[in-house]
Amino acid sequence: MNYPILTREILEGVGGKENIVSLIHCATRLRFKLQDHRLADIDKLKANPDIIMVLESGGQFQVVIGNEVKGVYQAIQQVLAPNDETPSETKTAGKKDKLFERFIDIISGIFTPFLGIMAASGILKGFLAVAITLNWFSQDSGTYRIWYAASDSLFYFFPLLLGYTAGKKFGGNPFITMGIGGALVHPLITSAFEASTAAGGTTEYFLGIPLSFLNYSSSVIPIIFASWVSCEVEKKLDARLPSTIKLFITPLVCLMLVVPLVFLIIGPTAEWLSQLLAQGYQAIYGFAPALAGAVMGAIWQVCVMFGLHWGLVPIAINNITVMGHDTLAPLLLPAVIGQAGAALGVFLRTRDAKLKVLSGSAVTAGIFGITEPAVYGVTLPYRRPFIFGCAAGAAGGFVVGYYQSAVYSMGIVNIFTFMQMIPPSGINHTVWGAIIGTLLAFFISVALTWMFGLPAVTTPPVEKQADESQPESQPVGSHCVFMPANGCVIPLEQVKDPAFASGLLGQGVAIIPEEGCIFSPVTGQVVSLFQTKHAIGIKSESGIDVLIHIGIDTVKLDGKYFTALVQQDAFVKAGEALIQFDRQAILDAGFDLTTPVIVSNNENDSSIECLAASKIAASKVEKGSPLLFVKYSS
């Protein structure tokens, strides 16, 4: 990836850096909070080959990049905040967020910064469970203690880390809220809790008010509430105190006020809510574990698509904190592996070189818990593989729920989750149930996708008819792309759109149509028909992907003056009419009708030859004339 170019195009696509309220990233996507979503150009971003998908969900404008997201995020941060300052959450948004969208935005903003270390900690804990089960070393050994401390430190000091990320998210000083989180797990408080428990509930007092000491290690809800209160206090103090003293007075007041408030009110209340949340989940799960597994296996990837899965993250963490184990995460594993299996089915079935490479890499990422490349790049565009992946997830989730499998440490759901399922007593039927359910989801999705996932592109039997729109000759057969309309041909680099002119979207030429209709340049299948009807993509019988983009920036017309004559997934013959448009109306509206015709999947061993090179800049090239030819080296 060329980070500087991609950074510039992303910033332009989201409406400029002045339109950005905040930016965070998770494992595969950039999550923007924008002042005005109407300033963002979704179609322009989707047209970038380095961007997998763009969507709006949970009050966020999400740009899915894939495994390179961290590098892209850092490049954008250098433009947004050259002094290593993050965009402030205190900017006013263009409109009031809906309550649920605000909740999703807060949760994702607080938890995403340490997803990587959370996954690593969970994997290490799972490895230690395997090592103890196989008697590789004992719990009394120095090796175990060192690695256990490394794996458990994140969760033990959760209030400390959550204090930092929550403070940033709520727009306050993260070091103040980090100090509050540290107070919750301070040795004095921990020892007071242990002493109180051993003495049968001895009461201590703060300024005459009775205290109730609790174990806040690994807790989630108390520090999030405390951080919000602290940030609100901080903002009010900073607005009223002189700048000469607020540097130390504001933190002093926050610590003296909020920390006691946590132990007196916030902590006990949050602990009660934690217990209530855990008991509520357990009641729902206990009613029909297998049904719960089927439902979660079916809908989990849909939730991930829209960023709604963040609403379930606190439940899983809270389950481990309160009950010592979590039964939600195992239900999600078949859904994750189901999409990886669907991507593998596409890999085994397709003959398209680009799709094979994309699906192969998506399988690897999916097995390790990152499903966005598989979903957005492979299964969702072809619809049926995504549906098969969800159906397989439901079947596998049913089995996992039936065996009531659980995890005993937190981490990203992936192939290593099996190790986190090993209970202290050793491997039992719950672990084997999870393995069976997950393998079932994998093999079902592979089989269904391999057999039915990709529509076959075959020429239907038709009587040969004389049709002047059909090309009379095809040089070297199926590798040829024909002229889609009467008009002039110009080199691609002369197109007044950098994305096309630079060749980033593919190689080819551009035409200036002289009539209000575009005809198919190949025989094949319509694989993409934009909602605004200004562009269409066709995969030829030989696997060539051809994109025709009518005009420059005509997406802004929102479909006005365009009429599609074919539907998505339709089989079309070379010379068949695809899209009609009002040529004069588009020109009168001030748009350039230069129409790029590009091959978007040419590989390193191929080249694009313009067969109309001798006619470039000519007054007219006939519809159906040879235009491009894809050459493959032997």
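A residue is called buried here when its relative accessible area is under 20%, exposed when over 50%, and partly exposed in between. The exercises below apply this to a predicted model.

**Exercise 1. Determine which residues of helix α3 are buried, and which elements they pack against.**

Step 1: helix α3 covers residues 69-80, and its twelve residues should span 16 Å at 1.5 Å a residue, which agrees with the 16 Å between its end C-alpha atoms.
Step 2: under the cut-off, the buried residues of α3 are Val69, Gly71, Val72, Tyr73, Ala75, Ile76 and Gln77.
Step 3: these buried residues pack against α1 (3-13), β1 (20-25) and β2 (29-34).

**Exercise 2. Work out how strand β2 is covered on its two faces, and which strands it pairs with.**

Step 1: in a regular strand the side chains alternate between the two faces of the sheet.
Step 2: in β2, Arg29, Arg31 and Lys33 lie on one side, while Leu30, Phe32 and Leu34 lie on the other, and both sets are buried; the count is therefore six of six residues, and the strand is mostly covered.
Step 3: β2 runs antiparallel to β1, joined by five bridges, and Leu23 has Phe32 as its bridge partner in β2.
Step 4: β2 also pairs with strand β4 (residues 60-64) in the antiparallel sense, over four bridges, with Leu30 standing opposite Val63.

**Exercise 3. Locate the salt bridge between Asp545 and Lys539, and decide whether its partners are buried or exposed.**

Step 1: the closest N and O atoms of Asp545 and Lys539 are 2.8 Å apart.
Step 2: Asp545 has 15% relative accessibility and so counts as buried, and Lys539 is buried as well, with a relative accessible area of 13%.
Step 3: by contrast with this pair, shared partners join Glu232, Lys235 and Lys236 into one network of salt bridges.
Step 4: Lys539 is the bridge partner in β12 of Gln525, where β11 (residues 524-529) and β12 (residues 535-540) pair in the antiparallel sense over five bridges.
Step 5: these two strands belong to an open, antiparallel sheet of seven strands in the order β8-β9-β17-β13-β12-β11-β15, whose edge strands, β8 (487-491) and β15 (571-572), each pair on one side only.

**Exercise 4. Describe the largest nonpolar core and the contacts of Ile110.**

Step 1: the core has 64 residues, of which Ile110, Phe111, Met118, Phe158, Leu162 and Ile317 touch the most other members.
Step 2: at least three residues come from each of domain 2 (137-278) and domain 3 (288-453).
Step 3: leaving aside residues up to four places away in sequence, Ile110 touches Leu162, Thr165, Ala166, Lys169, Phe170 and Ile224.

Methods
Residues numbered from 1 in each chain as written. Predicted model: local features only at pLDDT ≥ 70, side-chain atom pairs only at ≥ 80, totals over all residues. Heavy atoms only, no water. Pairing = 2+ DSSP bridges. Core = buried A, V, L, I, M, F, W, Y, C linked by side-chain atoms within 4.5 Å. Buried < 20%, exposed > 50% of the residue type's maximum accessible area, 1.4 Å probe, protein only. Domains from an automatic or database assignment. Contact = heavy atoms within 4.5 Å. Expected span 1.5 Å × (residues − 1). Salt bridge = Lys/Arg side-chain N within 4 Å of Asp/Glu carboxyl O.
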